[in-house]
Amino acid sequence: MTITNTISLTTELDLPAYLLGFAMLMLVMLIHGIALLQIAKRYEVKSFLHLSEHRYSSVALVFYVSVMCLFLVHIFEIILWGISLWLFNLLPDLGQSILFSGSTYTAMGFMDDLLPNGWKMLAIIIAFSGMFAFAWTASVMISMTRNFRQAYTHLHMLKLKLPAEVMERFK
């Protein structure tokens with residue numbers, strides 16, 4: 001086997017894409033995990049304090065701010081993927097790299113496959129990172145809705161002017 005054949009086989013198997021993809025996947029998932037932990041922790045503490053102080057509208061505000069933070073984490077990860085594609089000269093400009101990353105990360109696929117030969121597998125790895133990240137985010141949001149729902153129910157009970165003993169049973 002000659003060097004030319006080895007390089008050709010490496011390109012056909014997308015080995016460089018696997019290496020970059022695995023490294024970026026680990027980085028993105030690490031960032032995602034740290035960010036989700038921080039957002040969820042802060043939400044739980046703040047919403048618990050607001051619930052204990054009967055500040056039910058504040059729980060909703062904290063919930064929506066937390067959801068916006070989760071959204072921004074995904075945007076940051078898309079930009080991170082785009083920067084890596086641009087730094088490795090896989091796409092001609094940064095804007096196109098970020099747009100391609102977003103299309104792939106969200107698995108919407110509204111863009112053509114623009115990656116050069118030898119790097120095509122990277123699109124699939126970006127899509128997997130998005131699927132993993134969205135699933136993880138969904139699980140965090142589901143856990144966040146418990147306090148949000150409790151605050152919403154308390155607000156509704158107050159509007160209905162239910163007796164305090166009924167509201168106490170709800171806790």
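Me: Hi! Before we start, what do buried, exposed and partly exposed mean here?
Reply: Buried means under 20% relative accessible area, exposed means over 50%, and partly exposed is in between. Keep in mind that this is a predicted model.

Me: Thanks! So where does Glu44 fall, buried, exposed or partly exposed?
Reply: Glu44 has a relative accessible area of 26%, so Glu44 is partly exposed.

Me: And what does its side chain pair with?
Reply: The Glu44 side chain forms a salt bridge with that of Arg146, at 3.3 Å from N to O. Glu44 is in helix H2 (residues 15-52) and Arg146 is in helix H5 (residues 121-159), so this pair ties together parts that lie 102 residues apart in sequence.

Me: Nice. Is Arg146 buried or exposed?
Reply: Arg146 counts as exposed, because its relative accessibility is 53%.

Me: Why would side chains like these pair up in general?
Reply: Opposite charges on side chains can pair when the charged atoms come close.

Me: How many salt bridges are there in total?
Reply: The count is three. Besides Glu44 with Arg146, Arg55 pairs with Glu53, with 3.1 Å between the closest N and O atoms. Asp113 pairs with Lys120, and there the closest N and O atoms are 3.7 Å apart.

Me: How accessible are Arg55 and Glu53?
Reply: Arg55 is partly exposed at 40% relative accessibility, and Glu53 is partly exposed at 45%.

Me: What about Asp113 and Lys120?
Reply: Asp113 is partly exposed with a relative accessible area of 41%. Lys120 is partly exposed too, at 29%.

Me: Changing topic: which residues make up the nonpolar patch on the surface?
Reply: Met68, Phe71, Leu72, Ile75, Ile79, Ile83, Trp86, Leu87, Phe88 and Leu94 form it, and together they have about 880 Å² of accessible area.

Me: Which helix gives the most to that patch?
Reply: Helix H3 (residues 56-87) does, with eight residues. Leu87 lies in this helix, and Leu87 counts as exposed at 57% relative accessibility.

Me: Last topic, the backbone. Which residues other than glycine have a positive phi?
Reply: His54 is one of them, with phi near 60°. Ala107 has a positive phi near 60° as well.

Me: Where do those two sit?
Reply: His54 is in the loop between H2 and H3. Ala107 is in the loop between helix H4 (94-105) and H5.

Me: And how accessible are they?
Reply: His54 is partly exposed at 45% relative accessibility, whereas Ala107 counts as exposed at 52%.

Note on methods: Residues numbered from 1 in each chain as written. Predicted model: local features only at pLDDT ≥ 70, side-chain atom pairs only at ≥ 80, totals over all residues. Heavy atoms only, no water. Salt bridge = Lys/Arg side-chain N within 4 Å of Asp/Glu carboxyl O. Helix = DSSP H or I, 4+ residues; strand = E, 2+ residues; numbered from the N terminus. Buried < 20%, exposed > 50% of the residue type's maximum accessible area, 1.4 Å probe, protein only. Patch = residues over 30% accessible without salt bridge, like charges linked within 9 Å, V, L, I, M, F, W, Y side chains within 5 Å. Areas by Shrake-Rupley, 256 points an atom, 1.4 Å probe, with all protein chains shown as cover.
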